[in-house]
Every structure is written in structure tokens, then in C-alpha cells.
Amino acid sequence: MKHTLEVMISEQEINQALDTMAEQINRDYAGVDSLLVVGLLKGSVIVMSDLVRRLDGNVQMDFMTASSYGSSTESSGDVKIVMDLAQSIKGRHVLLVEDIIDTGRTLSKVLALLNSREPASLAIASFLDKPTRRVVDVDVKYTGVAIPDEFVVGYGLDYAESYRQLPYIAKVVPSDGE
Ligand SMILES: O=P(O)(O)OC[C@H]1O[C@H](OP(=O)(O)OP(=O)(O)O)[C@H](O)[C@@H]1O
Ligand code: HPA
Ligand SMILES: [Mg+2]
């Protein structure tokens with residue numbers, strides 16, 4: 001699809017939203033020995049690295065890969081766990097970090113899997129939230145910015161694997177010809 005990009009959330013706005021998220025997380029986990037922050041690849045990789053550098057205390061990191069969008073702008077609904085965590089989460093305090101919650105299908109699937117492993121606690125931090133698109137209800141404890149129903153890229157988010165590196169978040173606008 002031919003398209004152009006329109007900036008929706010600037011780098012400065014991203015940083016402000018991250019500061020607020022990190023303050024809330026630091027407050028909530030102040031009494032906890034260690035926090036395992038789990039990023040869902042690939043989208044979360046940028047927000048994960050920016051968020052953990054704002055966190056206090058003993059923070060550990062792990063990653064898993066769940067994929068449903070492929071090269072499309074529509075979720076397939078078929079969420080696959082492509083790569084699992086490297087460690088047990090039984091008895092751990094786990095914070096799952098995502099770039100975006102859209103239909104909620106990815107997070108609900110991953111949440112069910114991780115909950116079955118009996119963590120001490122499990123909460124979700126998603127930088128973006130598209131609440132009007134929700135198909136499955138998911139309890140997201142920390143969110144950065146709520147956005148309207150637009151397909152966005154940048155700051156980890158891709159369109160057919162491109163644009164993840166942009167330091168801002170932009171809307172994908174279809175242009176003439178297709
Ligand atoms: O709430 P949902 O409708 O499930 O959409 C959100 C998910 O979709 C994207 O991942 P994608 O499957 O595109 O993989 P990626 O992280 O590698 O881009 C995004 O990173 C979230 O994980
Ligand atoms: O708006 C989006 N952009 C990129 N990837 C996504 N995955 C779910 N929603 C989106
Ligand atoms: Mg994607």
C-alpha cells in the first residue's frame with residue numbers, strides 16, 4: 001500500500017509519558033525484592049529499554065515473542081508463541097511490557113500462559129492503548145498514551161516490519177494509487 005506518515009506523538013511527548021509510567025511503577029514496586037520485566041518481541045524492544053532505565057531497585061529482563069499481525073495491519077486473531085521465556089516465573093513479580101494493546105488478543109493469550117505458571121504477581125504496562133478496538137478485555141495497569149483507531153508506526157511499532165526505529169509515533173496514511 002502506498003502511504004505517507006503523519007507524526008502523532010513526538011519524542012518529547014513519549015518521554016513525558018514514560019516518566020509518568022515509571023513513577024507509578026516505582027511507587028507500586030518499592031517494597032519488592034526483585035522485578036522481572038518481560039518484553040514481548042519485537043514491538044516492545046524500544047519502550048522496554050527506555051522504561052527499564054527509569055526503574056529503581058533490582059530489575060531483571062527477559063523476552064518472549066508472540067506474533068499475530070505478520071505483514072498486515074489487521075490482527076490475524078491467531079496469536080502464536082514463537083519464543084518462550086528463558087526462565088521460570090513461579091513466585092516472581094512480573095511486569096509484562098508491550099508497545100501497544102489493540103484488540104487485546106496478544107496480551108490475553110500471553111497473560112493466560114504466564115498466569116498458569118504461578119507468578120507472585122503479574123501486571124501489564126503498555127505504552128500505547130487503542131481502547132476502541134478492544135475485542136478481548138485485558139486489565140492494563142500502566143499505560144502511556146491512549147490513541148484513536150489509527151494504524152501507527154515508530155517507537156518499536158512496525159508496518160510490514162518497517163519503521164520500528166522511528167523515535168516518534170506516526171500514523172500511516174494511505175495515499176493515492178492503491
Ligand atoms: O492487541 P493486539 O490486537 O493483539 O495487538 C497488539 C500486538 O500486535 C503487535 O505485535 P505483532 O504481532 O505485530 O508483532 P511485533 O511485536 O513483532 O510487531 C504489537 O506489538 C502487540 O504485541
Ligand atoms: O497500530 C498498530 N501499528 C503497528 N502494529 C500494531 N499492532 C497492533 N496495532 C498496531
Ligand atoms: Mg507488528
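Good morning. Please keep in mind throughout that the model before us is predicted.

I begin with the overall form. The protein contains 3 helices and 9 strands. Read from the N terminus, their order is β-α-β-α-β-β-β-α-β-β-β-β. The C-alpha trace spans about 55 × 35 × 25 Å along its principal axes. A compact globule of 178 residues would have a radius of gyration near 16 Å, and the protein agrees with this, since its own value is 16 Å. Of the 178 residues, 29% count as buried. Among contacts with a separation of 6 or more, 66% are between residues 24 or more positions apart.

Let us now turn to helix α1, which covers residues 11-28. Its 18 residues reach 26 Å from the first C-alpha to the last, close to the 26 Å expected at 1.5 Å a residue. Which residues of α1 are buried? They are Ile-14, Met-21 and Ile-25. These residues lie on the same side of α1, because they cover an arc of only 40° around the axis. The buried residues of α1 are covered by elements including β1, α2, β5, β6 and β7. On the face turned away from the buried side, α1 carries the exposed residues Gln-12, Asp-19, Glu-23 and Arg-27.

Next, some details of the backbone. The peptide bond from Leu-41 to Lys-42 is cis, with omega near 0°. Lys-42 is placed in the loop between β2 and α2.

Two further residues deserve attention, both in the loop between β8 and β9. Tyr-155 has a phi near 55°, a positive value in a residue other than glycine. For Ala-160, also not a glycine, phi is positive too, near 50°.

Finally, I come to ligand 2. How many residues surround it? There are 8, and the closest are Ile-100, Asp-102, Phe-151, Val-152 and Leu-157. By class, the shell around ligand 2 consists of 6 nonpolar and 2 charged residues, with no polar ones.

Thank you for your attention.

Conventions:
Residues numbered from 1 in each chain as written. Chains lettered and ligands numbered in written order. Predicted model: local features only at pLDDT ≥ 70, side-chain atom pairs only at ≥ 80, totals over all residues. Near = placed C-beta within 6 Å. Nonpolar A, V, L, I, M, F, W, Y, C, P; charged D, E, K, R; others polar. Helix = DSSP H or I, 4+ residues; strand = E, 2+ residues; numbered from the N terminus. Rg over C-alpha atoms; globule rule 2.2 N^0.38 Å. Buried ≥ 20, exposed ≤ 12 C-beta atoms within 10 Å, placed from the backbone. Contact = placed C-beta atoms within 7 Å. Expected span 1.5 Å × (residues − 1). Arc of directions from axis to C-beta.
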